[in-house]
Amino acid sequence: MKEKVLITGASGFIGYHLVEEALRQNLEVFAAIRPSSPTAHLRSLRVHFTTLPYLSGPTLEKILEAGQYHYIIHAAGLTKAKTQEGYNAVNATFTRNLGEAAVRADIPLKRFVFMSSLAALGPVPEEATRPISPLHQPHPVTAYGKSKLLAEEYLRNLPGLPLVTLRPTAVYGPLERDLYLLIRTVARGLEPYIGRQAQKLSFIYVKDLAEITLRALHIPGRNQLSYNLSDGNSYDKYAFAEVTKKLLHKKTLRLHLPVAAVRALARLLEEAYRFSDKTPALNREKLTELSAANWICSIREPQQDLGFAPRYNLETGLAETLNWYKANKWL
Ligand SMILES: NC(=O)c1ccc[n+]([C@@H]2O[C@H](COP(=O)([O-])OP(=O)(O)OC[C@H]3O[C@@H](n4cnc5c(N)ncnc54)[C@H](OP(=O)(O)O)[C@@H]3O)[C@@H](O)[C@H]2O)c1
């Protein structure tokens with residue numbers, strides 16, 4: 001009989017790739033979605049759909065017991081919200097409730113993998129000599145990062161939970177919608193930057209992330225572990241657009257926008273979206289994250305413990321991504 005994995009956030013960008021990888025590894029996949037979630041892209045895959053009532057612990061427990069899952073990957077999360085409370089409600093409280101239910105439920109759970117974020121630890125100064133390590137004293141610079149850190153703390157306080165916390169840096173690949181905005185802008189001949197200050201950035205291709213996440217399910221034992229994840233390289237602020245334009249054979253006009261002007265624009269956009277359910281792609285939170293000096297993280301720990309060997313760098317990952325965007329008429 002196949003082992004069962006419950007994947008939350010399955011309708012999202014990373015969730016989709018987790019589902020694909022789990023199927024490739026011959027697991028029986030249960031995709032946790034919302035009634036409103038887009039699922040057209042999942043319908044051709046052999047998955048069962050389920051909905052989790054994150055606010056009701058007893059019901060969550062019953063659903064987990066009915067499912068008898070061997071593994072849970074919790075990737076549902078809010079990457080855009082207007083307030084700290086908004087982020088915390090989904091990223092921290094839902095996560096705590098699911099973790100508690102997983103501990104209480106009578107299920108054969110071997111591993112609970114939480115998709116946190118490098119944002120939970122926060123960036124380091126540009127001149128920092130050491131990359132962000134799992135032992136790094138956390139200092140998230142965004143409300144999003146704070147909510148992910150709070151979620152990590154909640155889960156760590158559940159000693160019965162066989163927890164693996166993953167903290168990926170910026171993830172790109174097919175279906176991704178934020179870095180895609182930059183790719184589309186480059187495709188149209190513009191290469192915008194926020195300020196002129198030097199930056200060290202890191203990225204991970206979604207297929208490498210999916211593969212290592214599935215590998216984390218099989219770490220023996222029940223001890224709690226955490227890993228920062230990137231493709232292992234350090235990129236300057238120009239690298240992403242440079243590789244994109246090279247692959248697209250485009251010439252671009254490079255623009256350095258003053259930070260203060262971009263901040264003013266972000267504030268205007270926030271104001272314009274004030275009465276909307278949506279949050280603008282550019283907001284002051286996002287700006288803080290985008291203009292941080294140094295997001296380089298150490299991947300020595302997952303290399304040692306999990307044999308993590310990223311197969312993609314920006315050149316190869318973006319080549320696949322751009323082909324997908326073109327094939328799907330996003331470009
Ligand atoms: N993308 C990155 O660069 C990155 C980097 C580090 C960590 N992460 C983490 O990876 C996870 C997935 O991110 P992503 O980039 O794939 O984002 P995404 O495409 O926006 O997917 C988010 C997923 O979470 C679900 N979700 C959001 N709010 C929910 C709620 N209130 N109740 C239940 N489900 C909810 C969404 O469901 P719907 O489809 O119904 O909206 C969707 O399936 C998140 O936890 C994020 O924090 C992402």
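A salt bridge is a side-chain nitrogen of Lys or Arg within 4 Å of a carboxyl oxygen of Asp or Glu. Keep that rule in mind, and let's start the tour with such a pair.

This is a predicted model, in which local features need pLDDT of at least 70 and side-chain atom pairs count only at pLDDT 80 or more, while totals for chains, interfaces and linings use all residues. Residues are numbered from 1 along each chain as its sequence is written, and side-chain values use heavy atoms, with hydrogens and water left out.

**Stop 1: charged pairs**

Select R274 and E271. These two form a salt bridge, and their closest N and O atoms are 2.9 Å apart. E271 has 46% relative accessibility, so E271 counts as partly exposed. On this tour, buried means under 20% relative accessible area, exposed means over 50%, and partly exposed is in between (1.4 Å probe, protein chains only).

Now move to E211 and R215. Their side chains meet in a salt bridge of 3.1 Å, N to O. Why are E211 and R215 separated by about one helical turn? Because they are 4 residues apart in helix α6, residues 206-216. Helices here are DSSP runs (H or I, at least four residues), strands are DSSP runs too (E, at least two), and both are numbered from the N terminus. E211 is partly exposed at 22% relative accessibility, and R215 is partly exposed at 33%.

Next, select K286 and E289. The closest N and O atoms of this salt bridge are 3.7 Å apart. Both residues lie in helix α9 (residues 284-290), 3 residues apart, which is about one turn of the helix. K286 has a relative accessible area of 22% and is partly exposed; E289 is partly exposed as well, with 22%.

Side chains of opposite charge can pair when their charged atoms come close. How many salt bridges does the rule count? The count comes to 18.

**Stop 2: a nonpolar patch**

Show L190, L253, L255 and L257 with their side chains. They form a nonpolar patch on the surface, with about 300 Å² of accessible area together. Accessible areas come from the Shrake-Rupley method with a 1.4 Å probe, and for residues only the protein chains shown count as cover. Patches are made of residues with over 30% relative accessible area and no salt bridge; like charges are joined within 9 Å, and nonpolar side chains (Val, Leu, Ile, Met, Phe, Trp, Tyr) within 5 Å.

Which strand gives the most to the nonpolar patch? Strand β13 (residues 253-257) does, with 3 residues. L255 has its place in strand β13, and at 31% relative accessibility L255 counts as partly exposed.

**Stop 3: helices side by side**

Colour helix α3 (residues 84-104) and helix α4 (residues 143-156). They pack at an angle of about 20°, with their axes 8 Å apart. That makes α3 roughly parallel to α4. Axes are lines fitted to C-alpha atoms, for helices over the stretch in contact, and angles run from 0 to 180 degrees between N-to-C directions. Angles under 35 degrees count as roughly parallel, over 145 as roughly antiparallel, 65 to 115 as roughly perpendicular, and the rest as oblique.

While α4 is coloured, click on K148, which is in this helix. Is K148 buried or exposed? At 4% relative accessibility, K148 counts as buried.

Then colour helix α5 (residues 179-187) and helix α7 (residues 239-248). These pack at an angle of about 50°, with their axes 10 Å apart. α5 and α7 are therefore oblique to each other.

**Stop 4: loops and a chain end**

Follow the chain to H249, found in the loop between α7 and β13. H249 has a positive phi of about 55°, although it is not a glycine. At 73% relative accessibility, H249 counts as exposed.

Jump to K329, in the segment after α11 (314-327). Phi of K329 is near 60°, a positive value in a residue other than glycine. K329 is exposed too, at 72% relative accessibility.

Finish at P35, in the loop between β2 (28-32) and β3 (47-50). P35 counts as exposed at 78% relative accessibility. Select T51 as well: the C-alpha atoms of P35 and T51 are separated by 7.3 Å, and the two residues are 16 residues apart along the chain.
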